[in-house]
Amino acid sequence: MRTKTPQQAEKMLAAAARLFAGQRFHEVRMEDIAAEAAVGKGTLYRYFADKEELFLALLDRASAQLHDRLQQQVVPVAEPRRRLVAVVATIIGFFDEQPHLLDLIQREEVLLGPDFPWRKTRDELLRLVLETFAEARARKEFVIDDPETAALMLLAGLRGVIRFGRKPRPRHLAERIVRAFLGGHDTLGGSR
């Protein structure tokens, strides 16, 4: 029996991601994924028992990728407003590179409810935004009166931008979003 390798699993997950990018979940067959990955169907089933297991592995992979990107592009930014811009830019960029992912996440949210696999990532994003709001308040850079509601609105609004926003994306889109978002809050040099 052949051993499983991370490279082979990654090859199949990448193939599945490409197929999900162009088709709905129910339209993609395991046979299609095997063909796209240039592996036998038996090999695919050795790694993933069914399409649902492969799908969950794809979400885990995407979650780890977004976590890594946030650690590299957002966490090092010291100034809260710039960090918020980095959060917005990172999220939009990540989902633009993987256009299938938002549909897959929303599918799982509906099917699995509060225990869906992307929840950990969603919670990490929420925590990062809330920490940024708290730091902005402490530095007197800007004040968010209801941080949790505002953070949820920002993240939910980004879903709309990702799904319905103009492409190619306008220059400085993340800065524009943050400026519009903070426009209703106390900001240095701003007005209510």
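## Chain and elements

Helices (H or I, at least four residues) and strands (E, at least two) are DSSP runs, numbered from the N terminus. By this rule the protein chain has nine helices and two strands. Read from the N terminus, the order of the elements is α-α-α-α-α-α-α-β-α-α-β. Along the principal axes, the C-alpha atoms fill a box of roughly 65 × 30 × 30 Å. The chain has 192 residues, and 44% of them are buried. Buried stands for a relative accessible area under 20%, exposed for over 50%, and partly exposed for values in between (1.4 Å probe, protein chains only).

## Source and confidence

This is a predicted model, in which local features need pLDDT of at least 70 and side-chain atom pairs count only at pLDDT 80 or more, while totals for chains, interfaces and linings use all residues. Residues are numbered from 1 along each chain as its sequence is written, and side-chain values use heavy atoms, with hydrogens and water left out.

The predictor's confidence in each residue is given as pLDDT, from 0 to 100. For the protein chain the average is 90, and 95% of the residues score at least 70. Confidence is highest in H5, with a mean of 97, and lowest in strand S2 (residues 186-187), with a mean of 50. Where pLDDT is low, the predicted coordinates should not be read in detail.

## Aromatic rings

Rings of Phe, Tyr and Trp (its six-membered ring) pair if their centres lie within 6.5 Å; the planes are stacked if under 30 degrees apart, edge-to-face if over 60, and tilted otherwise. There are eight aromatic pairs in the structure. One of them joins phenylalanine 95 and tryptophan 118: the ring centres are 6.2 Å apart and the planes stand at 65°, so the pair is edge-to-face. This pair links distant parts of the chain, since phenylalanine 95 belongs to helix H5 (residues 80-97) and tryptophan 118, 23 residues apart from it, to the loop between helix H6 (101-112) and helix H7 (119-138). Both phenylalanine 95 and tryptophan 118 are buried.

Phenylalanine 133 and phenylalanine 142 also form an edge-to-face pair, with 6.3 Å from centre to centre and 80° between the planes. Phenylalanine 133 counts as buried because its relative accessibility is 2%; phenylalanine 142 is buried as well, at 1%. Elsewhere, Phe20, Phe25 and Phe55 make up one aromatic cluster.

## Charges over rings

A charge sits over a ring if NZ of Lys or CZ of Arg is within 6 Å of the ring centre and within 35 degrees of the ring normal. Lysine 51 lies over the face of phenylalanine 25, 4.4 Å from the ring centre. Lysine 4 is placed over the face of tyrosine 47, at 5.8 Å from the ring centre.

## Pockets

On a 1 Å grid over the protein atoms alone, a pocket is an open set of points where a 1.4 Å probe fits, with protein on both sides within 12 Å along at least five of seven lines; lining residues have an atom within 4 Å of a point. Grid points are joined across faces, edges and corners, and a volume is the space filled by probe spheres set on the points. The largest pocket has a volume of about 280 Å³. Its lining has 15 residues, and those closest to the centre are Arg122, Leu125, Leu155, Ala156 and Arg159. At least two lining residues come from each of H5, H6, H7 and helix H8 (147-164), and H8 gives the largest share, six residues. For residue type, Ala, Val, Leu, Ile, Met, Phe, Trp, Tyr, Cys and Pro count as nonpolar, Asp, Glu, Lys and Arg as charged, and the others, Gly among them, as polar. The lining of the largest pocket has 13 nonpolar, no polar and two charged residues.

The second largest pocket holds about 220 Å³ of space. Among the residues that line it are Phe20, Phe25, His100 and Arg107. Helix H1 (6-22) and H6 are the elements that give two or more residues to this lining. The lining of the second largest pocket divides into five nonpolar, three polar and three charged residues.

## Backbone details

Most residues other than glycine have a negative phi, and most peptide bonds are trans. Alanine 38 is not a glycine, yet its phi is positive, about 60°. Alanine 38 is in the loop between H2 and helix H3 (41-47) and is exposed, with a relative accessible area of 62%. Histidine 172 also has a positive phi, near 60°. Histidine 172 lies in the loop between H8 and H9 and is partly exposed, at 45% relative accessible area.

The peptide bond from lysine 167 to proline 168 is cis, with omega near 0°. Proline 168 is located in the loop between H8 and helix H9 (173-182).
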